[in-house]
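Have the sequence and the 3D view ready.

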Amino acid sequence: AIAAHHADKLDEADELYKQLLKSKFVSTAREESILDGPLSQPAHLKYLALKNLGNIAQARSDVDAAMDYFIKAIHLDDSDAGLWHRVALAAVQRTKLLLARHAVTQGLVRNRNHWQCLDLLCTILYALSDDSACLTAAVAGLERDENFLKGLVFIQQLHKESPTCWNGRRTLKNTLAIWTWSWKPKL
């Protein structure tokens, strides 16, 4: 299944992953908690097959199937921030922004340094008009990378659109004014 997937033989890989899920060894795997330690071999194989089926569905632009497979995989192991990010991307494609927000937030809980989750969180919060949270996420991004252009753009836009989200943040506003004035992108 992995060899077929790697060779971009998606139909073959899809069928082989589904056969693996139906196998007696994997189909008997029950949901386990990652907190109890490493997954058993059957549960781990089931997790990987579901995750890979989600990747195949996503490559085929079958967003609903991708999200379904990813969520089933998360029920087995919710520790993968990258998988939470994939759920969020699928949710954004289905315009399920609250689910997308939950997914990237869970990704950041698993790995607070997961850049793709933080980047996507800024976009989702802006789309949800959660200005204060968007400002907080954008500043967090700029603290990690001073050349985080999306964060700077959101901050400047929020300053124009929603001056009330700056209430009580005078120090932050002054710091950002100095930072924005001196910002020069690295080329």
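## Aromatic rings

How many aromatic pairs does the rule give? The count comes to 2 aromatic pairs, where rings of Phe, Tyr and Trp (its six-membered ring) pair if their centres lie within 6.5 Å, and planes under 30 degrees apart count as stacked, over 60 as edge-to-face and the rest as tilted. One of them joins W115 and F148: the pair is edge-to-face, with 4.9 Å from centre to centre and 75° between the planes. W115 sits in helix α8 (residues 115-127) and F148 in the loop between α9 (131-144) and α10 (149-161), so this pair ties together parts that are 33 residues apart in sequence. Helices here are DSSP runs (H or I, at least four residues), numbered from the N terminus.

Buried means under 20% relative accessible area, exposed over 50%, and partly exposed in between (1.4 Å probe, protein chains only).

## A note on the model

This is a predicted model, in which local features need pLDDT of at least 70 and side-chain atom pairs count only at pLDDT 80 or more, while totals for chains, interfaces and linings use all residues. Residues are numbered from 1 along each chain as its sequence is written, and side-chain values use heavy atoms, with hydrogens and water left out.

## Helix α5

Helix α5 (residues 63-76) has 14 residues. From its first C-alpha to its last, α5 reaches 20 Å, close to the 20 Å expected at 1.5 Å a residue; the expected span is 1.5 Å times one less than the number of residues.

Which residues of α5 are buried? They are V63, A66, M67, Y69, F70, A73, I74 and L76, and they pack against α2, α4, α6 and α7.

## Where α4 meets α6

Two packed helices are described by the angle between their axes and the distance between the axes. For helix α4 (residues 41-59) and helix α6 (residues 81-93), the axes come within 12 Å and cross at roughly 35°. Axes are lines fitted to C-alpha atoms, for helices over the stretch in contact, and angles run from 0 to 180 degrees between N-to-C directions. The crossing of α4 and α6 is left-handed, meaning that the near helix is turned anticlockwise from the far one by less than a right angle.

Who touches whom? On the α4 side are Y47, K51, N55 and Q58, and on the α6 side L83, R86, L89 and A90; contact means heavy atoms within 4.5 Å. N52 also lies in α4, and at 18% relative accessibility N52 is buried. Leaving aside neighbours within four places in sequence, N52 is in contact with H5 and Y17.

## Two loop residues with positive phi

D8 has a phi near 60°, a positive value in a residue other than glycine. D8 is in the loop between α1 (2-6) and α2 (10-22) and is exposed, with a relative accessible area of 61%.

T95 is no glycine either, yet its phi is positive, at about 55°. Look for T95 in the loop between α6 and α7 (97-110), where T95 counts as exposed at 65% relative accessibility.
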